[in-house]
Amino acid sequence: FETVFIGGNSTNPLLKNSLRHIAYAMSKAELHVGVDSGFMHMAFLYLPHDRIHVYNRKRGYQSHHLMRALDAGCVLNFHYNDE
């Protein structure tokens, strides 16, 4: 698989600044990996919840958006352990 960065970390101007192009890329993605953000919400439009992996400190603040995402089946900290 190829990692495609969207938003601020992308080197592609269209995937950095164009929501239309970001949405298209996300609609073709196998997995979304990120933090509690607007792009997490966008991923809800295109991917099943179990293919959305969210990273957050387990004992840190968890927004109601993150709690609802986890209740819906999103995966928390798949490759991270902050204990």
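Author: Two strands are taken as a pair if DSSP finds at least two bridges between them. The model discussed here is a predicted one.

Reader: How many bridges join strand β2 to β3?

Author: Strand β2 covers residues 52-54, and β2 and β3 run parallel. Pairing calls for at least two bridges. The number that joins β2 to β3 is 2.

Reader: Which residue in β3 is the bridge partner of Val-54?

Author: Val-54 has its bridge partner in β3, a strand that spans residues 75-76. That partner is Leu-76.

Reader: What is the order of the strands in the open sheet, and which are the edge strands?

Author: The sheet has 3 strands with parallel pairing, in the order β1-β2-β3. An edge strand here pairs on one side only, and this holds for β1 (32-34) and β3 (75-76). The edge strands are therefore β1 and β3.

Reader: What angle does the direction of helix α3 make with that of β2?

Author: Helix α3, residues 38-46, packs on the sheet and touches both β1 and β2. Angles run from 0 to 180 degrees between N-to-C directions. For α3 and β2 the angle is about 160 degrees.

Reader: How far apart in space are Arg-51 and Val-33?

Author: In sequence, Arg-51 and Val-33 are 18 residues apart. From C-alpha to C-alpha, their separation in space is 8.5 Å.

Reader: Which element gives the most to the lining of the largest pocket?

Author: The largest pocket has a volume of about 640 Å³. Of its 19 lining residues, the closest to the centre are Thr-3, Val-4, Leu-31, His-32 and Val-33. By class, the lining has 11 nonpolar, 5 polar and 3 charged residues. Both α2 (19-27) and β1 supply at least two residues, and the element that gives the most, with 3 residues, is β1.

Reader: Is Asn-77 buried or exposed?

Author: Asn-77 is found in the segment after β3. Although Asn-77 is not a glycine, it has a positive phi of about 50 degrees. Its relative accessible area is 5%, and because the limit for burial is under 20%, Asn-77 is buried.

Note on methods
Residues numbered from 1 in each chain as written. Predicted model: local features only at pLDDT ≥ 70, side-chain atom pairs only at ≥ 80, totals over all residues. Heavy atoms only, no water. Helix = DSSP H or I, 4+ residues; strand = E, 2+ residues; numbered from the N terminus. Contact = heavy atoms within 4.5 Å. 1 Å grid on protein atoms, 1.4 Å probe; cavity = no way out; pocket = protein on both sides within 12 Å on 5 of 7 lines; lining within 4 Å. Points joined across faces, edges and corners; volume = space filled by probe spheres on them. Nonpolar A, V, L, I, M, F, W, Y, C, P; charged D, E, K, R; others polar. Buried < 20%, exposed > 50% of the residue type's maximum accessible area, 1.4 Å probe, protein only.
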